[in-house]
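Let's take a walk through this structure together. Have a look at the picture first, and then read on.

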2 protein chains.
Amino acid sequence: MRPKVILFGDSITEESFTNGGWGAALADHFSRTADVVLRGYSGYNTRWALKVAARALDGVCEDGEWPLALTVFFGANDASIHDRSSGFQHVPLDEYQSNLRSIISFFKERWPTTVIVLITPPPIDEDGRLSKCRNPFGDDASGLPERTNDSAGAYAKACIAVASESNIPVIDIWSKMQQFSGWEKSFLRDGLHFTAPGNKILFEEVVKKLEESGISVDTLPVDLPPFSEIDPKDPLKAFER
Amino acid sequence: MRPKVILFGDSITEESFTNGGWGAALADHFSRTADVVLRGYSGYNTRWALKVAARALDGVCEDGEWPLALTVFFGANDASIHDRSSGFQHVPLDEYQSNLRSIISFFKERWPTTVIVLITPPPIDEDGRLSKCRNPFGDDASGLPERTNDSAGAYAKACIAVASESNIPVIDIWSKMQQFSGWEKSFLRDGLHFTAPGNKILFEEVVKKLEESGISVDTLPVDLPPFSEIDPKDPLKAFER
């Protein structure tokens, strides 16, 4: 049975199989070695994620089967500014941390050997939010973006702290993206969600983090004989094993 | 538990999660309703597929769980010309049909309600094969392509006949692509494998065929409350159900 890599997160996870998406790229990367399972829930914060964690992953693994890895990627919605148009998605910083701890504990208890990778919220391009975001609850006339980069940064730092105390790997995508000049428009299509180059950055970070945890296409068993190992003079021999 | 759509085929299935791929597009299409499971095996023909069908799908479904749908997409390798450089992948036309019948029977017996969709081999751009294909067994000095469009067409017709006698849906991608002028270069990147527009054509055909069989995002249950159904004034209410 092929091992599984589960992606649990918000809209940036839910849309990760669109053109150039980081989830699709992972599925392609592991095309003969692992199944990538999509569990993305647009708009969700950690408060809601904690409510649904058991139901979301129900039936993904058989009894006794533990996934290889699980990415937990929430915070972009928690970090919404509480008194602006997406305030109902906001979760206070200390509750965000406590929710992350509970989500990690839940999965650690259920799947003790699974590599859990936390991903911080991405940076926010406030100009992109104002110009590209279709505000679904347009009664906020303040003209201020419903998310800010400072707030996302505070949640990123809090996420890293939880990973550190829990001794699990974390991808600081908030900092990583901002290492590149022009990240605002090149990596984010609406100030929050990823362009294809933004997706590529995250894909590469996930692959690197999994490799550091011992999960790599070079070491995972390949599902059925690869074409390169089939002898043109006696093809069926490869299938006798 | 989310239902599954399984993609079983050769390299055009294996690489279906690359950028713009039809498999990734399906996973995105069903992002909240079904899991798309990749079982693509580069280079495989129906003879080899039949040998591995049980092992390839082992553990994908729990006992008593039947997938929603399964695409079976082989024939591009079977149709290789027998005395040219990919001859060891060739399978005679009548054996191709009998192998397809056996593969269908195997899955029908195992999963009686699963919608099985056959996909014919795609058309071949012989010029593209000669100019773009890196021949892995370069001892054929004939200068003739290892695949021809006529041969692929004969296998496509044979595939349609098997679908018809088995009363299961079939996608005639061989004919479909050739309805568009310039299909040779716009849909095929090396005379055989798909470009992004080629992938899009197949994705749309699969969605259409599944819809005709009653499988649609409009009718499948959505996994957990969609963001649009969460009340901003009382978000947690949505999670009490």
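A crossing of two helices is called right-handed if the near helix is turned clockwise from the far one by less than a right angle, and left-handed if anticlockwise. Keep that in mind for what follows, and remember that this is a predicted model.

## Two copies

Start with the chains themselves.

What about the surface through which they meet? Of the interface residues of chain A, 100% are also interface residues in chain B, so the copies meet through the same surface.

## Helix α6 in chain B

Now zoom in on one helix. In chain B, α6 runs over residues 149–166, which makes 18 residues. From its first C-alpha to its last it reaches 25 Å, close to the 26 Å expected at 1.5 Å a residue.

Which residues of α6(B) are buried? They are B:N149, B:S151, B:A152, B:G153, B:Y155, B:A156, B:A158, B:C159, B:V162, B:A163 and B:S166. An α-helix has 3.6 residues a turn, so residues three or four places apart point the same way. The buried residues of α6(B) pack against several elements of chain B, including α4 (93–110), β4 (115–119) and α5 (126–132). Just after the helix comes B:N167, with a positive phi of about 60 degrees.

## Where α4 meets α6

Two packed helices are described by the angle between their axes and the distance between the axes. In chain B, the axes of α4(B) and α6(B) cross at roughly 35 degrees and come within 10 Å. Their crossing is right-handed. On the α4(B) side, the residues in contact are B:L93, B:Y96, B:Q97, B:L100, B:R101, B:I104 and B:K108. Among their partners in α6(B) are B:Y155, B:C159 and B:V162. Sorted by class, this contact has ten nonpolar, two polar and three charged residues.

Over in chain A, α4 (residues 93–110) and α6 (residues 149–166) pack at an angle of about 35 degrees, with their axes 10 Å apart. Here too, α4(A) passes α6(A) in a right-handed crossing. The α4(A) residues in the contact include A:L100 and A:I104, while A:C159 and A:V162 are among those from α6(A). The residues of this contact divide into ten nonpolar, two polar and three charged.

## A leucine in strand β4

A:L118 sits in strand β4 (residues 115–119) of chain A. Is A:L118 buried or exposed? At 0% relative accessibility, A:L118 counts as buried.

Leaving out residues up to four places away in sequence, A:L118 touches A:V72, A:L100, A:I104, A:C159, A:V162, A:A163, A:I168, A:P169, A:V170 and A:I171. A:G198 is another story: A:L118 and A:G198 are 80 residues apart along the chain, and their C-alpha atoms are separated by 18 Å.

## Two spots with positive phi

Most residues other than glycine have a negative phi. A:N167 is not a glycine, yet has a positive phi of about 60 degrees. You'll find A:N167 in the loop between α6 and β5 (170–171) of chain A. With 70% relative accessibility, A:N167 counts as exposed.

B:L224 is another residue other than glycine with a positive phi, near 70 degrees. Look for B:L224 in the segment after α9 (196–212) of chain B. At 10% relative accessibility, B:L224 counts as buried.

How values were computed:
Residues numbered from 1 in each chain as written. Chains lettered and ligands numbered in written order. Predicted model: local features only at pLDDT ≥ 70, side-chain atom pairs only at ≥ 80, totals over all residues. Heavy atoms only, no water. Contact = heavy atoms within 4.5 Å. Helix = DSSP H or I, 4+ residues; strand = E, 2+ residues; numbered from the N terminus. Expected span 1.5 Å × (residues − 1). Buried < 20%, exposed > 50% of the residue type's maximum accessible area, 1.4 Å probe, protein only. Axes fitted to C-alpha atoms, helices over the stretch in contact; angles between N-to-C directions. Nonpolar A, V, L, I, M, F, W, Y, C, P; charged D, E, K, R; others polar.
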